[in-house]
Amino acid sequence: MPDIDDIKEGKKYCCDIPQECEGFFLKGSNSMDWGMKNRLARIFNPKTGRTVMLAIDHGYFQGPTTGLERIDLNILPLAPYADTLMLTRGILRSTVPPAFSQSIVLRVSGGTSILKELSNEEIAVDIEDSIRLNVCAMAVQVFIGGKYERESIINMTKMVDIGTRYGIPTLAVTAVGKDMARDARYFRLATRICAELGAHYIKTYYVEDGFETVTASCPVPIVMAGGKKIPELDALTMAYNAIQQGASGVDMGRNIFQADSPIAMIQAVKAVVHDDETPEKALDLYNTLKNR
Ligand code: R5P
């Protein structure tokens, strides 16, 4: 029972101190609603404005990829070093403990396999399940220039509409088909289309020539995709260059979990992303941790 006989008049109004109205730290995200911003702030570290996403969703179209055969054994030990885990609901429910406190980005498009045309995806997860799973964003593949370009774009715009209703951001993942040019011109086109149509942030590949034009012309944050496994120093250099050229983080899979020491590699990537560590110093860190 509140003590209604003893209510004291408030005195600490601090009338001389105006209430602060701070802007949101993420590029292009200031006009979003509180829940949307709160979720983005769980993906992107507010101190650095950047994220290390660990992508382990490969199984949704290619089955047990090398390094992901046993997510319980190979990935769970790394997961606490990531800001975000990007995965499917099947792996989340079956393998990730609910006490896991890092943010989750849920793969919500699918319906294809490596045996057929990959761009023929649909929305494969109901919004209610994303809400139930308390995810911080939903990832949709967008195949600009692909056979099912239009359908994949519409998948994304539908998720933006539905997600906005519940304060859940949509991550557009730009997929590159075998025959598509991987150059800055293509990625400017792909990322800008996704941003114009409402994606809250975008995953795209790094290109040596002109990546800064891709980040500059995209009004929302970009995270760099990892791609095929390359030597550790090359992967760290790619991440470093992407960050220095305007990326707000990385969403890497194989270059982390297929490294000789995945647990050392994720910490080295983290140093590049959050501490602006050079690739050489990050590689030293990798070797030190690996040999421990
Ligand atoms: C990419 O389109 C999918 O999301 C992948 O399953 C994953 O994110 C790729 O990660 P990486 O290329 O770094 O192994």
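Trainee: Let me start with two residues: are F187 and Y205 buried or exposed?

Mentor: Keep in mind that this is a predicted model. The general idea is to look at relative accessible area, where under 20% means buried. In this structure F187 is buried, and Y205 is buried too.

Trainee: How are the rings of F187 and Y205 placed, and what do we call that pair?

Mentor: For rings, you look at the distance between centres and the angle between planes; planes over 60 degrees apart are edge-to-face, under 30 stacked, and the rest tilted. Here the centres of F187 and Y205 are 6.2 Å apart and the planes are at 45 degrees, so we call the pair tilted. F187 sits in helix α7 (residues 184-196), while Y205 is in the loop between β8 (201-204) and α8 (211-216), so the pair ties together parts 18 residues apart in sequence. Y186 joins in as well: ring pairs link Y186, F187 and Y205 into a cluster.

Trainee: How many aromatic pairs does the count come to?

Mentor: The count is 6 aromatic pairs. One of them is Y60 with F61: the ring centres are 5.0 Å apart and the planes are at 75 degrees, so that pair is edge-to-face. Y60 has 18% relative accessibility, so it counts as buried. F61 has 21%, so F61 counts as partly exposed.

Trainee: Now helices. At what angle do α11 and α12 pack?

Mentor: Helix α11 (residues 262-275) and helix α12 (residues 279-291) pack at about 155 degrees, and their axes are 8 Å apart. That is why α11 and α12 are roughly antiparallel to each other. The crossing of α11 past α12 is right-handed.

Trainee: Which residues make the contact?

Mentor: On α11 they are A264, M265, Q267, A268, A271 and V272, and on α12 they are A282, L285, Y286, L289 and K290. Sorted by class, the contact of α11 with α12 has 9 nonpolar, 1 polar and 1 charged residues.

Definitions and conventions:
Residues numbered from 1 in each chain as written. Predicted model: local features only at pLDDT ≥ 70, side-chain atom pairs only at ≥ 80, totals over all residues. Heavy atoms only, no water. Axes fitted to C-alpha atoms, helices over the stretch in contact; angles between N-to-C directions. Helix = DSSP H or I, 4+ residues; strand = E, 2+ residues; numbered from the N terminus. Parallel < 35°, antiparallel > 145°, perpendicular 65-115°, else oblique. Left-handed = near helix turned anticlockwise from the far one by under 90°. Contact = heavy atoms within 4.5 Å. Nonpolar A, V, L, I, M, F, W, Y, C, P; charged D, E, K, R; others polar. Phe/Tyr/Trp six-rings, centres within 6.5 Å; stacked < 30°, edge-to-face > 60°. Buried < 20%, exposed > 50% of the residue type's maximum accessible area, 1.4 Å probe, protein only.
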